[in-house]
Amino acid sequence: MDSPVKSGTVRERQQLTVGPPDGGYGWFILLACFLVFGLTFGVIKAFGVFYMEIHSYFEATATGTSWITSITVATIHCGAPMASALSARYSHRAVVMIGGLLSCVGMVAGAYAQNLVQLYITVGLLTGFGYALTWTPTVTMVGWYFEKRRPMANALASAGECIITFLFTPLFQLLVDHYSWRGAMLVLGGLQLNLCVCGMLLRPLNTPTKLPPKEVREEEGDLTLDALPQTKSSSEGTVEVTGKAQAQKARKAELWSKVLRYVDYTLITNPRFMVYSMFGVFAALGFFAPALFLVPYARSQGVEEYQATALVSISAVLDLTGRVFFGWVANLHLVEMVQQLTATVILLGIVLLLCPLASSFLELAAFSSAYGLVYGATVSIHITVLAEVVGVQRLGSALGFFMLIRSSGGLLGPPIAGFLIDKMSDYGTGFLMAGVALIISALFLLLLHQMNRRAQGSARKGHV
């Protein structure tokens, strides 16, 4: 006969999960994610200051220098599934702390690079992989801790990218002027250790989970075997061996279920997820090139260096405004989330296409303001849309696969823009390429919207 206590435990574990707290310790998770966004993508956006110095120091082409950023971005995307799997096997806290250490080592080693290839390996691969280990688990935990306030939470977390960009861009220029780009990169490496502090803040959300029926049956079998009375018959050895085998089988099933939560390869059979991933590929082509080439473009138009870096800070301030305001708008659910994302992506593409018309500091400041506002409106909700596409329970795995697929766009975007700049001898062509890529990406969002409408129509017919 089964133990009443253990049988009760099995029945309790079959209950529905307790919802996310939407607050409480979740605010500390949000703070950690805020800093992670800033110390990863915020640093990447402010890296345009280093671009000019490295470009002239090694006498390299725009294409060759842009590979540093593109390799970093691609490594973040490619490493996302591995970061998710490692978080499932060990813990989010440990993975993020290791990522912080790798980010520091890569940046410090890059300060001693003797050629571009060494920068590709250190800043590109090593620091990029460190960023992947910190960013993916932290964003996933925000999705676990927030449900009703998830759009606003994602917007506030991503605002860290804006604030750190605003602060770091003039700081990097000051450090470069006083200590050269190598000394500035050493200081940046030390700052990256703060990612380890972010990892220390992470704590798993302790809520009861609903086990699949198969796992429940296996656990009930284990409990039954554990509750069997001990006898001295010859069958005692058989029962003991069978019990150990069942327990081992249950542990394997539990581990496999946990890993599938992060590395769910069945997502590739989800048409809506694949369409959204294609949006991510083309959007990534246009997301990262403008931030990298804004300072060089301004300098090529005769704008002095501190005014050129101020453009990035202006963009960051409006970026923050766009993330918070449009994240709040998304929280009101006035329109479908995918419709709001489609509108902002199209506007962002149009703004980038207009950039080559700006030549003076005031005109570039107006462009930077418009670009920052619409960019913030776009990135504030794209993770929320992903959660709607696949469901929050599969967000960890979906985020990893989405980043992996999107990596091709992040890898090729800056070099393609750099190639066009080298051929045309005009930094404005890089912005034209980014604008066209973003408008193409919006077509996939329109397709996703139609697929959602058809699915909703089919569901209504099924209820009739």
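**Cysteines, chain and a loop residue**

I looked up Cys 78 and found it partly exposed, with a relative accessible area of 40% (buried means under 20% relative accessible area, exposed over 50% and partly exposed in between, with a 1.4 Å probe and protein chains only). I note that this is a predicted model, in which local features need pLDDT of at least 70 and side-chain atom pairs count only at pLDDT 80 or more, while totals for chains, interfaces and linings use all residues. Residues are numbered from 1 along each chain as its sequence is written, and side-chain values use heavy atoms, with hydrogens and water left out.

I searched the whole structure for disulfides, taken as pairs of cysteine sulfur atoms within 2.5 Å, and found 0. For Cys 33, the closest cysteine sulfur is in Cys 198, at 9.0 Å, which is too far for a bond. Cys 33 itself is buried, at 2% relative accessibility.

For the chain, I recorded 18 helices and 0 strands (DSSP runs numbered from the N terminus, helices being H or I with at least four residues and strands E with at least two). Of its 464 residues, 52% count as buried. Among contacts (heavy atoms within 4.5 Å) with a separation of 6 or more, 87% come from residues 24 or more positions apart.

I then turned to Asn 270, which lies in the loop between helix H10 (236-260) and helix H11 (271-287). Asn 270 is buried, with a relative accessible area of 15%, and, leaving aside neighbours within four places in sequence, Asn 270 is in contact with Val 389 and Val 390.
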